[in-house]
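Welcome, and thanks for taking a look at this one. Here is a short briefing to read alongside the structure.

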Amino acid sequence: MDHVAVLALFDRDMREGARPDAPDARVERVGKVVRQVGAERGWNGVIWSDLDGAGADAAIAEQVRYFSDLGREFEWKLYGHDKPEDLGHRLRTAGFTAEPEETLMVAELGDLTLDAEPPEGVRLLPVTDRAGVDLVAEVHEQAFGTDGTRLRHQLLAQLTGDADTVVAVVALAGDAPVSAARMELLPGTRFAGLWGGGTVEAWRGRGIYRALVAHRARVAAERGYRYVQVDASSQSRPILARLGFQPLTTTTPYVYTR
C-alpha cells in the first residue's frame, strides 16, 4: 500500500468531501473548515481543516462560537498530519479536552483475510430494527462503560432513514448479546468505515471481534468498496494488523463542552 497516496485519498473522500453520517445531519464548508451539524443527540464536530499558524486560533474560536450558539458540545477530530503542527495545543488552550489517541488503520479489501468465523456457540445477527438497536446499545454500555443513548438514536435514524448506509451486527451467545459493531457506507466514497466494535469483558479473547471485522469487510467488498478503515484502540490494533490493516496516522478527539 502506498501510505501517502491512500491517506491523501482518505482526506479527500472522508474528510474534505465528507457526507452527513445520519439523515438528520448536514455537512457545512466554512472557509478552511468542514464541520458536521447533527441533531442534538447526534454527532457534531469538525471533520477536516486546512489551517496555518496565522489563522488557526481564529478558526477555532469561530467554531466554538458557532456550536455554543447552537447549544451543542462538539468534537474537533484531529489527525496526526493536520496543520499547524501545534493544533492540538491550540485546541487545549481554547478549552478542548483530548480523549485517548487512536490509530487510523486502513486495509485494501483484496488484501484482507476474511475467513474468520465466530467461536462455537456464538452466532451473528444482522440488526434491522429497534430491538436489534437496543441489543447493540446494551453491548456498547457493557463493553465501554458509557451511555448508549446517542448510539441508539444515531443507529435507529440511519436504519430508518437510509438503511443502505449502515450495516450493524450483534453477536449472541444463546440469547445474550456479547459483542456488536457497525459499518458506515457512504455513497461515492471508496472507504467503508468500521465503528463501535466492542465485546463484553467475559467474552474477550475468543475471536469474536475478528469475526465481526471479517463479516463487515465481506459486506463492503460485495458492495464495491475498495478500502475499509478503523479508528483503532491499542487493544484492537494488533488484531487488525494480523488481518492485514496498516496504520496511516493517529487520530485524537478533542471535545468542547459548554
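To read the helix packing below, take each axis as a line fitted to C-alpha atoms over the stretch in contact, with angles running from 0 to 180 degrees between N-to-C directions. Please keep in mind that this is a predicted model.

**Helices α4 and α5**
- Helix α4 (residues 130–144) packs with helix α5 (residues 149–161) at an angle of about 150°, and their axes are 9 Å apart.
- Because angles over 145 degrees count as roughly antiparallel, α4 is roughly antiparallel to α5.
- The crossing of α4 and α5 is right-handed.
- On the α4 side, the contact is made by Arg 130, Val 133, Asp 134, Val 136, Ala 137 and His 140, while α5 brings in Leu 151, Arg 152, Leu 155, Leu 156 and Leu 159.

**Helix α6**
- Gly 224, with a positive phi near 90°, follows α6.

**Pro 247**
- Pro 247 sits in strand β12 (residues 246–256) and is partly exposed, with a relative accessible area of 33%.
- Beyond its neighbours within four places in sequence, Pro 247 is in contact with His 3, Thr 103, Leu 104, Met 105 and Arg 237.
- The C-alpha atoms of Pro 247 and Arg 35 are separated by 25 Å, with the two residues 212 residues apart along the chain.

How values were computed:
Residues numbered from 1 in each chain as written. Predicted model: local features only at pLDDT ≥ 70, side-chain atom pairs only at ≥ 80, totals over all residues. Heavy atoms only, no water. Helix = DSSP H or I, 4+ residues; strand = E, 2+ residues; numbered from the N terminus. Buried < 20%, exposed > 50% of the residue type's maximum accessible area, 1.4 Å probe, protein only. Contact = heavy atoms within 4.5 Å. Parallel < 35°, antiparallel > 145°, perpendicular 65-115°, else oblique. Left-handed = near helix turned anticlockwise from the far one by under 90°.
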